Amino acid sequence: MKILVLSPARLREPSLHERFQYYQKLLRKRMSIESRLVKTGPLYSAVPKGWYSVALDEGGRTVNSIQLARWLEKRIASG
């Protein structure tokens with residue numbers, strides 16, 4: 001499984017960048033995680049064709065780590 005994180009801005013806070021790198025290293029045996037900066041146009045236009053997309057937003061539904069892991073497991077199992 002490949003995960004592509006699209007963002008309209010850089011991770012400026014060092015602790016956020018460090019956490020992203022930590023999870024990237026932690027999960028590298030199970031999946032590839034890449035971060036890409038999208039400077040122009042809507043984020044959805046940068047999603048590769050055929051990819052499943054998920055938008056994460058502060059105002060969205062709150063899930064904990066276990067719920068997110070279960071959701072990802074279902075996506076992996078479904079191909």
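**A tutorial on reading this structure**

Modeller: Let us start with Glu34 and Arg36, which form a salt bridge whose closest N and O atoms are 3.4 Å apart. The term requires a side-chain nitrogen of Lys or Arg within 4 Å of a carboxyl oxygen of Asp or Glu. This is a predicted model, in which local features need pLDDT of at least 70 and side-chain atom pairs count only at pLDDT 80 or more, while totals for chains, interfaces and linings use all residues. Residues are numbered from 1 along each chain as its sequence is written, and side-chain values use heavy atoms, with hydrogens and water left out.

Biologist: How many salt bridges does the structure hold?

Modeller: In general, side chains of opposite charge can pair when their charged atoms come close. Here the structure holds one salt bridge. Glu34 counts as partly exposed because its relative accessible area is 39%, and Arg36 is likewise partly exposed, at 34%. The classes are buried (under 20% relative accessible area), exposed (over 50%) and partly exposed (in between), with a 1.4 Å probe and protein chains only.

Biologist: What pLDDT does the protein chain average?

Modeller: Where pLDDT is low, the predicted coordinates should not be read in detail. The score gives the predictor's confidence in each residue, from 0 to 100. In this protein chain the average is 85, and 100% of the residues score at least 70.

Biologist: In what order do the elements of the protein chain run?

Modeller: Elements are DSSP runs numbered from the N terminus: helices are H or I with at least four residues, strands E with at least two. This chain has two helices and two strands, in the order β-α-β-α from the N terminus on. Its C-alpha trace spans about 35 × 30 × 25 Å along the principal axes. Of its 79 residues, 10% count as buried. Of the contacts (heavy atoms within 4.5 Å) between residues at least 6 apart in sequence, 69% join residues at least 24 apart.

Biologist: How many aromatic pairs does a search of the whole structure find?

Modeller: A pair of aromatic rings is described by the distance of the centres and the angle of the planes. Rings of Phe, Tyr and Trp (its six-membered ring) pair if their centres lie within 6.5 Å; planes under 30 degrees apart are stacked, over 60 edge-to-face, and the rest tilted. The search finds two such pairs. Tyr22 and Tyr23 have ring centres 5.1 Å apart and planes at 75°, so their pair is edge-to-face. Tyr52 and Trp71 form a tilted pair, with 5.9 Å from centre to centre and 50° between the planes. This second pair links distant parts of the chain, since Tyr52 lies in the loop between β2 and α2 and Trp71 in helix α2, 19 residues apart.

Biologist: Is Tyr52 buried or exposed?

Modeller: Tyr52 is exposed because its relative accessible area is 58%. Trp71, at 26%, is partly exposed, and so is Tyr23, at 47%.

Biologist: Which residues make the nonpolar surface patch?

Modeller: Tyr22, Tyr23 and Leu26 make a nonpolar patch of about 350 Å². Patches are made of residues with over 30% relative accessible area and no salt bridge; like charges are joined within 9 Å, and nonpolar side chains (Val, Leu, Ile, Met, Phe, Trp, Tyr) within 5 Å. Leu26 belongs to helix α1 (residues 14-27).

Definitions and conventions:
Accessible areas come from the Shrake-Rupley method with a 1.4 Å probe; for residues, only the protein chains shown count as cover.
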